[in-house]
Amino acid sequence: MRGGLELQSAGHANARPPLIDADGLGKFFDGGEIRALDGASLSVAAGEFVALMGPSGSGKTTLLQIVGALEQPDAGQVRYRGTDYTELPDLAAFRAQRLGFVFQSFHLLPTLTALENVQVPMFEMPWSRGERAERAAGLLAGVGLQQRLAKRPAQLSGGERQRVAIARALANDPELILADEPTGSLDTRSAAQVLDLLRALHAARNLTVLMVTHDAGVASRADRVVAMRDGRVVAGARQDA
């Protein structure tokens with residue numbers, strides 16, 4: 001059992017049981033006048049690479065944030081390996097131990113080097129300073145940045161910054177990577193490299209990946225495309241859909 005969190009088995013006979021089950025999610029603003037999510041349901045199998053696609057305002061980022069335990073739904077529920085998020089004793093520990101995040105704007109700390117940025121999530125883990133540095137260096141080497149350890153974000157290209165962000169997302173050996181428009185700030189060549197890296201890491205580590213994108217070309221790199229519109233999942237919600 002990883003990281004000490006007690007999670008129930010999903011109990012499915014399927015060879016790829018659900019890692020995430022989101023049912024009937026609602027997220028409302030202005031007294032319910034604005035419905036960012038309006039009954040959205042989604043199931044993601046363990047080891048699957050899923051692209052969540054839809055126009056601006058369709059609710060895809062809100063859904064990703066709720067799956068990532070960064071937002072609470074106003075209706076519905078999310079389960080991780082069969083355990084409802086409301087039953088988890090410590091959501092911050094759950095995020096640190098089970099999830100990795102990749103954002104369009106990288107979210108790197110500008111005063112820290114690449115090596116230091118990758119170590120930030122590791123402070124949630126009982127590792128020594130030397131262990132953190134060694135692990136971060138290995139992760140950066142794994143994304144092809146072994147020569148850029150001492151560089152700060154301003155000294156890196158957009159593609160390099162996103163690779164640092166991916167290495168950081170892998171810091172605590174997560175089961176699920178949540179990527180919000182990971183190629184949105186990149187040129188075509190850098191975007192292709194980042195997608196190649198995500199696909200390679202997905203295969204090598206058997207990661208589950210849920211990626212938000214508005215780009216059909218980016219979405220085509222996933223195992224499955226889930227379409228959203230007006231706060232609802234309108235196609236591809238289930239593994240067997």
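This is a predicted model: local features need pLDDT of at least 70, side-chain atom pairs count only at pLDDT 80 or more; totals for chains, interfaces and linings use all residues.
**Exercise 1. Find the partners of strand β3.**

Start at Met-53, which stands opposite Thr-213 in β8. Which strands does β3 pair with, and over how many bridges?

*Solution.* Residues are numbered from 1 along each chain as its sequence is written, and side-chain values use heavy atoms, leaving out hydrogens and water.

- Step 1: locate the strands. Strands (E, at least two residues) and helices (H or I, at least four) are DSSP runs numbered from the N terminus. β3 covers residues 49-53, and β8 covers residues 208-213.
- Step 2: look at β8. Two strands pair if DSSP finds at least two bridges between them; β3 and β8 are parallel and share five bridges.
- Step 3: turn to β9 (residues 224-229), which is parallel to β3 and joined to it by four bridges. Here Val-50 has Arg-224 as its bridge partner.

**Exercise 2. Judge how covered β3 and α1 are.**

Is β3 mostly buried or exposed, and why can α1 be called largely enclosed?

*Solution.* 

- Step 1: Buried means under 20% relative accessible area, exposed over 50%, and partly exposed in between, using a 1.4 Å probe and protein chains only.
- Step 2: apply it to β3, where four of the five residues are buried.
- Step 3: apply it to helix α1 (residues 60-67). Six of its eight residues are buried, so the rest of the structure largely encloses this helix. The buried ones are Lys-60, Thr-62, Leu-63, Leu-64, Ile-66 and Val-67.

**Exercise 3. Order the open sheet.**

In what order do the four strands of the open sheet lie?

*Solution.* 

- Step 1: the order is β2-β1-β4-β5, with antiparallel pairing.
- Step 2: β2 (34-45) and β5 (83-84) are the edge strands, each pairing on one side only.
- Step 3: inside the sheet, β1 (residues 18-29) and β4 (residues 75-80) run antiparallel, joined by five bridges. Asp-21 has Arg-79 in β4 as its bridge partner.

**Exercise 4. Describe the largest pocket and the largest cavity.**

What volume does the largest pocket have, and which residues line the largest cavity?

*Solution.* 

- Step 1: learn the terms. On a 1 Å grid over the protein atoms alone, a cavity is a set of points where a 1.4 Å probe fits but cannot get out; a pocket is an open set with protein on both sides within 12 Å along at least five of seven lines, and lining residues have an atom within 4 Å of a point. Grid points are joined across faces, edges and corners, and volume is the space filled by probe spheres set on the points.
- Step 2: the largest pocket has a volume of about 400 Å³. Among its 18 lining residues, Leu-99, Phe-101, Val-120, Pro-121 and Arg-168 are the closest to its centre. The largest share of the lining, four residues, comes from β6.
- Step 3: the largest cavity holds about 40 Å³. Its lining consists of Val-102, Ile-166, Ala-169, Leu-170, Ile-177, Leu-198, Leu-201, Leu-207 and Val-209. The elements giving two or more residues to this lining are α5 and α6 (188-205).
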